[in-house]
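Biologist: Can you walk me through this model? I would like to start with the surface and then move on to the backbone.

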Amino acid sequence: MNGKSDDDTYWQIATRQMSIVTKEEQEKFRNGKITVIGCGGIGGQTIEMLARMGIGELVLVDEDVFDITNINRQSLSSTDTIGLKKSEVACRKVESINPHVKVTGYDVHVDETNIDEIIGDSNLVIDALDNLLTRVIVSRKANEKRIPYVHGAIHGTLGQVSVFLPNTKSYEEMFNLPSLGKELSEEVIGELESLASAKPPVLGPVPNLISCLEAMEAFKILTGIGKVTVAPKILTFDLLDFNSFSIEEI
């Protein structure tokens, strides 16, 4: 699913950011390919921001469909999308925003058998997930492919963002997960699932702020501008306490 239009249109879309980045830096972003795992609360706005900033190619992954409980936070959801596949809605949204973005959707359950194909030759992977097991699978594959893994997570009014590179602490190491250094056996999977068995509460602005922060980390990585929040550093916040915004080291 992709579309093309006059080259001038691409640069017209990017006009307002061209005083911040050079044309060469923007071209790096335009030539980038990003896989976003999850098209819901965090993923929806991440995908939209990447398209608006002019990413070249997106791979969008989600096995779920929209339901009415998604409306409080998921920017791609509405009463019109209830029952529709999130990955397909996300692809259509990208095409409507920026016809220069090549976009592919996967309506699949991510596991160890398909993650290599899904990521393919992407330049980085964005975690817009809500479960530990899939994060472990995705982060491991990103590390194996030696590409950045941009992590974001929320709980209630809390949020966190960090970037894992091949030469940094891994996602599992940084959060001291029971899967570290182990095969994903039934026992290990059970341990991971026991750590986060319930769906977290959430207010709408929280995942959407995480979305924008993850999209910006991706932009910094691909263009080379600014400082990336690289592990073991992690940006954390509580939207009920604006004094809580900080970058910590784990």
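**A working chat about the model**

Modeller: Ile68 counts as exposed, because its relative accessibility is 59% (exposed means over 50% relative accessible area, buried under 20%, partly exposed in between, with a 1.4 Å probe and protein chains only). This is a predicted model, where local features need pLDDT of at least 70, side-chain atom pairs count only at pLDDT 80 or more, and totals for chains, interfaces and linings use all residues. Residues are numbered from 1 along each chain as its sequence is written, and side-chain values use heavy atoms, with hydrogens and water left out.

Biologist: Where is Ile68 found?

Modeller: Ile68 is in the loop between strand S2 (57-61) and helix H4 (86-97). Helices (H or I, at least four residues) and strands (E, at least two) are DSSP runs, numbered from the N terminus.

Biologist: Which residues form a nonpolar patch with Ile68?

Modeller: Ile71 and Ile82 do, and together with Ile68 they have about 260 Å² of accessible area. Areas come from the Shrake-Rupley method with a 1.4 Å probe, and for residues only the protein chains shown count as cover. Patch residues have over 30% relative accessible area and no salt bridge; like charges are joined within 9 Å, nonpolar side chains (Val, Leu, Ile, Met, Phe, Trp, Tyr) within 5 Å. A salt bridge is a side-chain nitrogen of Lys or Arg within 4 Å of a carboxyl oxygen of Asp or Glu.

Biologist: Now the whole protein chain. How many helices and strands are there?

Modeller: The protein chain has nine helices and eight strands. Of its 250 residues, 50% count as buried.

Biologist: On to the backbone. Which peptide bond is cis?

Modeller: The bond from Ala231 to Pro232 is cis, with omega near 15 degrees. Pro232 sits in the loop between helix H9 (205-223) and strand S7 (233-238).

Biologist: What is the phi of Arg146?

Modeller: Arg146 is not a glycine, yet its phi is positive, about 60 degrees. Most residues other than glycine have a negative phi. Arg146 lies in the loop between helix H6 (132-144) and strand S5 (149-155).

Biologist: And Asn176, buried or exposed?

Modeller: Asn176 is exposed, because its relative accessible area is 62%. Its loop runs between helix H7 (171-174) and helix H8 (186-195). Asn176 also has a positive phi, near 50 degrees.
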